[in-house]
Amino acid sequence: MDRGTIYNLILLVCLIIIQVLICNHIHIFNVAVPFVFIYVILRLPMTLSTNWLLTWAFLSGFIVDLFSDTPGVNSLSCTLLASVKRPILYAYIPRDDRTKDILPSLANLGFADYAKYLLTMSVIYCFLVFTIEYFNFADVKEIVIMASASSVLSFCLILGIDSLMVTKRD
């Protein structure tokens, strides 16, 4: 294992612990729940193979499901999030030789592109989680309110976490 993989694994474990012990118990106005553990999925390098990306995503969602009593909700949402990661990122940045091995982060993409990428991914994840959790389109208004509030909260927290990360510049 190289240093980057070990770093991502340690970061994933820390964020899952924070998610399970702290964030799952935060319900701002009974609508907004922060999802910070998805940061690792969003930050994995673009050079990582699709199989490994989907595996990391499924396992992180599965571990959160195990401790959150949400059978399969986070596993499915994380796996679907990982499957749309590349198309979403390349919708905001040009796909060329310079960006094919980029590590999505605030330092590498700049604020505007990274914020668009991060907000889109947060919205997708939160809408997936609440749609799967409710599994009833009779509560569309509640799903939209909870997913929107959770998306904004998750976006702000993940942006803050990423701004604290130290990246090595070439």
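**Exercise 1.** How far is the sulfur of Cys156 from the closest cysteine sulfur, and which residue holds that closest sulfur?

*Solution.* Keep in mind that this is a predicted model. Start at Cys156: the closest cysteine sulfur belongs to Cys126, 12 Å away. Next, recall the cut-off: a disulfide needs two cysteine sulfur atoms within 2.5 Å. The separation of 12 Å is therefore too far for a bond. Now turn to Cys126, which is in no disulfide either; its nearest cysteine sulfur is that of Cys78, at 11 Å. Finally, widen the view: a search of the whole structure finds 0 disulfides.

**Exercise 2.** Describe how helices α3 and α4 pack.

*Solution.* First, locate them: α3 covers residues 50–68 and α4 covers residues 73–83. Their axes lie 7 Å apart, at an angle of about 155 degrees. Angles over 145 degrees count as roughly antiparallel, and α3 and α4 are therefore roughly antiparallel to each other. Then take the handedness: the crossing is right-handed. Last, look at the contact, where α3 contributes residues including Leu53, Phe58 and Val64, and α4 contributes residues including Val73, Cys78 and Ala82. The contact residues divide into 9 nonpolar, 6 polar and 1 charged.

Notes. Residues are numbered from 1 along each chain as its sequence is written. This is a predicted model: local features need pLDDT of at least 70, side-chain atom pairs count only at pLDDT 80 or more; totals for chains, interfaces and linings use all residues. Side-chain values use heavy atoms; hydrogens and water are left out. Axes are lines fitted to C-alpha atoms, for helices over the stretch in contact, and angles run from 0 to 180 degrees between N-to-C directions. Helices (H or I, at least four residues) and strands (E, at least two) are DSSP runs, numbered from the N terminus. Angles under 35 degrees count as roughly parallel, over 145 as roughly antiparallel, 65 to 115 as roughly perpendicular and the rest as oblique. A crossing is left-handed if the near helix is turned anticlockwise from the far one by less than a right angle, and right-handed if clockwise. Contact means heavy atoms within 4.5 Å. Ala, Val, Leu, Ile, Met, Phe, Trp, Tyr, Cys and Pro count as nonpolar, Asp, Glu, Lys and Arg as charged, and the others, Gly among them, as polar.
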